[in-house]
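Hello,

I am handing over the structure we spoke about. Please open it below before you read the notes.

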Amino acid sequence: MSKIKELEQLFTKGKITRRDFITRVSALGFMAAVSPALLSSTAKAATPKKGGRFIIGITGGSTTDSMDPATLTSNMNQNVNWQIRNNLVEIDHNFNAIPELAESWDSTPDAKVWTFKLRKGIEFHNGKTMTAEDVIFSINHHLGEKSKSAAKAYLKSIKAIKADGKHEVIFELSGGSADFPFILGDYHLTICPAGTEGLEWEKGIGTGGYILESWEPGVRSFSKRNPNYWKEGRAHFDEIETLSIVDTNARTNALKTGRINYMDRVELKTVHLMKRMPGVNVSAITGTAHYTIPMRLDQKPYNDNNVRMALKLAVNREQLVKQMLRGYGEPGNDHPIAPVNKYYAKDLEQRKYDPEKAKFYMKKAGMLDHTFNLHAADAAFAGAVDAAVLMKEQAKKAGININVVREPDDGYWSNVWMKKEWCMCYWGGRPTEDMMFSVAYSDGAPWNDTLWKNDRFNKLLISARAELDKDKRRKLYWEMQEICRNDSGTIVPMFNQMVEASSDKLAHGPISGHMALDGMRTPERWWFA
Amino acid sequence: MDSVFGLVVKRIGMGILTLFAISIIFFMGVEALPGDLAEEILGQNALPETVAAFRKELKLDLPPHERYFSWLGDLMKGDLGKSLANGRPVVDLVGWRFANTMFLAISAAVIAVPVAILLGIIAALYRNSLFDRAISIATLSTISFPEFFVAYILIALLSVQLIIFPSISNINDQMSFWQKIYAIVLPCLTLTLVVVAHMMRQTRAAIINILASPFIEMARLKGIHRTRVIVMHAFLNALSPVINVIALNLAYLVVGVVIVEVVFVYPGLGQLMVDSVSKRDIPVVQACGLIFAAVYIGLNLTADVLSIISNPRLRNPR
């Protein structure tokens, strides 16, 4: 019955929809136990209302932020980007690709040629009508020699983009890719008017639910509802104010005193106090974000799988989740696929802390006297140095020596990650298995931070990518997760939850785990009840 | 007065040389940090080819001295350049933030300077009394706590418990002057608490120092009241060191408040400079650095001029 109580709470707080609630309770077989009053009283809240000024206090904003979709580096500009712009494809809370500016799409049976039909009569904020030309321009912005786009790496498979009339865009890929629509749902790939350049990016002209009125990087953005918005049942607020509040205490106080309605990254040390605060709701959502500890397999002794296995077994994941994440997370299983992903291998055995076995493997490799240098800085993720020290103590019980090398935060991603033999790292995760594996685990991928090369894995990756049959794909991805777990050079100790807090005056549908702030779409999906 | 004029001209000339030297130091400092803007912006998402394209677009692939002199050349023409990160003119980024920084600094100074001097005079007047000790302990305590701690205490008391003042001071153009004043009460109070001690202690010490002089004794022997002796005779002669400490503290209010800015989410120059350094956005770093340096030089010059004017012996050198 405790499960039912939990669901009831989730439902009354609006964390799950009425439909979700009924299905999940029915699944438990307890529908009769639910008070009918519960369902009638909150049903009202499920109908979105228009109006109000929604004020978000957000981390990560920097005065160097830009609205150029090629360099959306912070939570703040990613969120504002989706206030004002749309993609061809949206990724919903169930990790499905649903139509956004494209009303439908289709592919050849080998998943090599994709045709996207665009919605007609959609206008940019400046009055220009959106056509295939704008779409091609927006995607090409990330491609080619002059591109400085962070999205370039996963658009590499695009061979050609063509328009067929004004409302059809055809993508030709170098290999079959069943998940291609998901790639177009990436936050960089929003559609902007053709010919945008230089400072024009900062004006933020898009097709989105809000029109950018003012934008001061690292400080504040202000946008007003687009009266002409084409998407139904979305963008309910009159105005959105996005404030960059770097300091956690400042965000907490601002929410507590009603100066903001929403904050991301709640301080885990004090979240229990926050939960008791009147008028505040705390949400903890498991997404695809996870911590990794990659080893470079081109360097000794990490080329020996016995060593890798020993190090994987020497990590006490439960303790890390408990102490580093205060329980707001789940232990990882040494592969990057999250429980929310579609083809997550549920039945794969969870790797446990086993000092004896770790010692056995390390002995087999003849490396018990070796000192393993683990490079860490909090730039990798908040608490990375502490986590490394904790791991050092855990490994000691297996007779394994870890030496934590403290690195500067400055330049961590260019000087330590992928350069040092073993270091702390963080991934926001990807909505599909193919994107995640392709970007960081496949042979030759630019961010394959372990230089791992497993022939069977790479073969499976390519066949799964082009496979349109769901059951066959599931089988392929499950095997890949197993290979990754047992052979790859990455330790995946944990998946962290996104813990955020909001005013209880807000209402919303199911929260997405795709990215922080309800898949970065709070401004579009939430409303004042 | 010719000597004052000569001094001002000489010092302004020296100031410009100092600024020039500072710009070189800043440039070399940022260059010495690991990585550049392209790597810092792209971070984990960097590819060698995107970093190279980024560098080429921003001309970061040119040798450092060429970039420095091209920046200097533009500066001579009165052009501060553009932010490397988002292409905005540096003037647009810096202008309104500098105004905000000055707004907060002046507001804090308007409270802090009179309060400090008054407390200093009273402390000197009732030297070694309970009152003297009490304000010494109080002001020295507030200066000994880190700024963010004072700020959090004020927020906890006046914003969260009593709900009188807002906990964040994110002023913007949509606010009127009085709304802005209301919004910055807490940061202003924090800064006041942090700077009062220096000025108050200096005032007290300078006055007490002067009180040992023969002319004070003379004044007392004439039968003048103690308050009048201190305010009219001692304080005016103690002005010179007091002015110097005030100038230092005013400079601090302009250049040293980044922590207060972060805690109160106040959009000032400090945060801009910190962000720009961490992303290696050199033109913005240079502009902020030059402004801060100019403020220091300007206030020091003002302090010297005022010291000379307030001191007859310096005013008319023999």
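This is a predicted model: local features need pLDDT of at least 70, side-chain atom pairs count only at pLDDT 80 or more; totals for chains, interfaces and linings use all residues.

Interface of chain A and chain B

The contact involves 51 residues of chain A and 46 residues of chain B. Together the two chains bury about 3,900 Å², and 54% of that lies on carbon and sulfur atoms. On the chain A side, the greatest loss of area to chain B falls on A:T63, A:T64 and A:K148, which together make up 17% of what that side buries.

Five salt bridges are counted between chain A and chain B. One of them joins the side chains of A:K156 and B:E49, at 3.5 Å from N to O. There are also 12 residue pairs in polar contact across the interface, with both residues at pLDDT 80 or more.

Several elements of chain A each supply at least two residues to the side that touches chain B, among them the strands β8 (210-216), β9 (220-225) and β10 (239-244) and the helix α7 (248-256). α7(A) gives the most, with five residues. By type, that side of chain A divides into 20 nonpolar, 16 polar and 15 charged residues.

A helix pair in chain B

Helix α5 (residues 90-125) and helix α14 (residues 282-310) of chain B pack at an angle of about 35 degrees, and their axes are 10 Å apart. The crossing of α5(B) and α14(B) is right-handed. From α5(B), B:V90, B:L93, B:V94 and B:F98 meet B:P283, B:V284, B:A287, B:I291 and B:V295 of α14(B). The residues of this contact are nine nonpolar, no polar and no charged.

Regards

Terms used:
Residues are numbered from 1 along each chain as its sequence is written. Chains are lettered from A and ligands numbered from 1 in the order in which they are written. Side-chain values use heavy atoms; hydrogens and water are left out. Axes are lines fitted to C-alpha atoms, for helices over the stretch in contact, and angles run from 0 to 180 degrees between N-to-C directions. Helices (H or I, at least four residues) and strands (E, at least two) are DSSP runs, numbered from the N terminus. A crossing is left-handed if the near helix is turned anticlockwise from the far one by less than a right angle, and right-handed if clockwise. Contact means heavy atoms within 4.5 Å. Ala, Val, Leu, Ile, Met, Phe, Trp, Tyr, Cys and Pro count as nonpolar, Asp, Glu, Lys and Arg as charged, and the others, Gly among them, as polar. Buried area is the accessible area (1.4 Å probe) that two parts lose on being put together, summed over both. A salt bridge is a side-chain nitrogen of Lys or Arg within 4 Å of a carboxyl oxygen of Asp or Glu. A polar contact is a pair of N or O atoms within 3.5 Å; within protein, one must be able to donate a hydrogen and the other to accept it, and residues adjacent in sequence count only if both atoms are side-chain atoms.
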